Amino acid sequence: KAVYDEDLLSLVCNVKSTALQFAAVLNQQSCPRIHIKGTSSLFSCYDVGPHHVLAFFTDMHGTRMDSFDVGQADKRMSPLLRR
């Protein structure tokens with residue numbers, strides 16, 4: 001099923017809002033990154049500035065998602081996010 005721009009924007013906003021609510025339950029004030037793993041996919045969302053996020057969906061066929069290290073991926077993304 002195709003996801004249209006408006007639908008995608010709404011989904012990203014809902015995920016971010018839910019993550020912030022969950023962070024508040026854990027006494028955290030921010031949630032600078034979100035990763036959601038599927039069986040063969042990864043959704044990532046990074047804060048990149050006030051009212052801006054970088055969100056992407058990656059098809060990861062052939063990768064064992066249970067052993068995929070998102071911390072290592074975050075380290076590789078860090079220089080790009082600081083620009």
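Let me begin with a term: a residue is called buried when its relative accessible area is under 20%, exposed when that area is over 50%, and partly exposed in between, using a 1.4 Å probe and protein chains only. What you see above is a predicted model, in which local features need pLDDT of at least 70 and side-chain atom pairs count only at pLDDT 80 or more, while totals for chains, interfaces and linings use all residues. Residues are numbered from 1 along each chain as its sequence is written, and side-chain values use heavy atoms, with hydrogens and water left out.

Turning to the overall picture, the chain has two helices and three strands, where helices (H or I, at least four residues) and strands (E, at least two) are DSSP runs numbered from the N terminus. In sequence order these elements give the pattern α-β-β-β-α, and the C-alpha trace spans about 35 × 30 × 30 Å along its principal axes. Of the 83 residues, 20% count as buried.

Now to the cysteines: how many disulfides does the chain have? With a disulfide taken as a pair of cysteine sulfur atoms within 2.5 Å, the count is zero. Cys-13 is in no disulfide, and the nearest cysteine sulfur, that of Cys-45, is 8.8 Å away; with 45% relative accessibility, Cys-13 is partly exposed. For Cys-45, the closest cysteine sulfur belongs to Cys-31 and lies 8.2 Å away, which is too far for a bond. Is Cys-45 buried or exposed? Cys-45 counts as buried, because its relative accessibility is 2%.
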